[in-house]
Amino acid sequence: MMKKYMVIGTWAETYNGRSGGELRTYRYEEGTAVLVQRIYVGKSVSKFVYDKEYSLLYVACETNYHGEDMPGGELRVYRMENDGYLKLSGTYNSYGGFPVGIAPAERYIAVLNHGSNLAKVCLTHRNEAGEIVTEFASDEANLCLFERTKEGGIGPLLDRYVFKGHGTLPVFQESPAPHDLYYCQEKKLFYVPMRGTDETRVFCIDEKEKSMEPAGSLRQRAQTGPRNAVRLAGEKGDGYVYVVAEIEPVVTVFRECDDGWTKLQECSTVEKLPENIPVTSFEYPHPSGILLNEEKKKLYTITRTANAVTVFDILSDGTLAKERELSLAGENPRQMVLAKDRMFVVCMDSRNILEIKLDEEGNPEPGRSLIQRVDRIAYMELI
């Protein structure tokens, strides 16, 4: 059965602005989406995830303030009622600048804060009582571990891991710039692509200490800028991790074994690249999403500027064979969602969401605009 509701989030009117930013709920049926509810947030909505067991929607607001005088991004938790309406149950400090990832994990909730190289953003430290507190002092990108309440909500902050380092490219690599938080429940591992340091950091939870512990690192070629990651379970107990980069349009394939990760392959997402535009320009093709179709053994990427979705076949050894590259009927694709034989693509600059049918082999057919004329649309989820 197809998911019944579609929830979308939009950015504020300006970067880190204090006006604009919405959550919208639509009732979805094949080919149609009817608006049910609009919630004014007043902050950029950058990411959310739905937990079916608790009927809760966890929302990250991409900002560096929780209150007028309280640094830290904002997390919101909404309960979805039977009629599709969202009801706010609480707001929480993300304890870092610009949260971009949320991952519920059994008794915990992990939150990724992107940080920033701007002045006066969020820094965390422990006070004399041993509590983690925030202040407006300097840049901080971190991975925070919260306890989960019995009702599934966000409880006390238990631990945070602070990211350090930077690369060499201006704008893109002036800070660690973690961009995505992917949780593999099977392995109980968290994957964090780091655009600024050209690696994907891996973490696990130490149950005894209730802390977030490093578990390894997947190194990529310098100046590629990892952005998003997904994992596919292998047939012999191993697995494969696919990381799409943002600075250079490439996907890197890693084999995952008990003793670590081995790089297998690197392939481009788009073939036609400009000759006279540097990779640090926003006019250069920059990937912004990766999606796994486990049933059809396909991998999809989307690339901004090229405004294209690229289809890869996943071979028996985990490597990729590029099948096709298709133009999208939208500008600045930001995110993809898969539901059975449908793919949905969020396009920010053309203010629309595309609904694309997949054929029996999982290949995209020409799409159509399902939702149009939504300013600064950034993210969506099917519920």
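**Strands, core and overall form**

Modeller: Strands β22 (residues 250-257) and β23 run antiparallel and are joined by eight bridges. In this pair, Val253 has Gln265 of β23 as its bridge partner. This is a predicted model, in which local features need pLDDT of at least 70, side-chain atom pairs count only at pLDDT 80 or more, and totals for chains, interfaces and linings use all residues. Residues are numbered from 1 along each chain as its sequence is written, and side-chain values use heavy atoms, with hydrogens and water left out.

Biologist: What makes β22 and β23 a pair?

Modeller: Two strands pair if DSSP finds at least two bridges between them. Here eight bridges join β22 to β23, so they pair. Strands themselves are DSSP runs of E, at least two residues, numbered from the N terminus; helices are runs of H or I, at least four residues. The protein has zero helices and 32 strands.

Biologist: Why is strand β30 called largely enclosed?

Modeller: Buried means under 20% relative accessible area, with a 1.4 Å probe and protein chains only. Five of the six residues of β30 (residues 352-357) are buried, so the rest of the structure largely encloses this strand.

Biologist: Which strands does β30 run antiparallel to?

Modeller: Six bridges join β30 to β29 (residues 342-347), and three join β30 to β31 (residues 368-371). Phe344 stands opposite Glu355. Leu354 has Ser369 as its bridge partner in β31. β29 and β30 form a hairpin with four residues between them, and Arg351 in the turn has a positive phi of about 60°.

Biologist: What makes the largest nonpolar core a core?

Modeller: The term means a set of buried Ala, Val, Leu, Ile, Met, Phe, Trp, Tyr and Cys residues joined through side-chain atoms within 4.5 Å. The largest such set has 18 residues; Phe190 and Met212 are among those with the most contacts inside it. β14 (141-148) and β17 (189-194) are among the strands that each supply at least two of its residues.

Biologist: How do you know that the protein agrees with a compact globule?

Modeller: The radius of gyration is taken over C-alpha atoms, and the globule rule is 2.2 Å times the number of residues to the power 0.38. For 383 residues a compact globule would have a value near 21 Å; the protein has 20 Å, so the two agree.

Terms used: Buried < 20%, exposed > 50% of the residue type's maximum accessible area, 1.4 Å probe, protein only.
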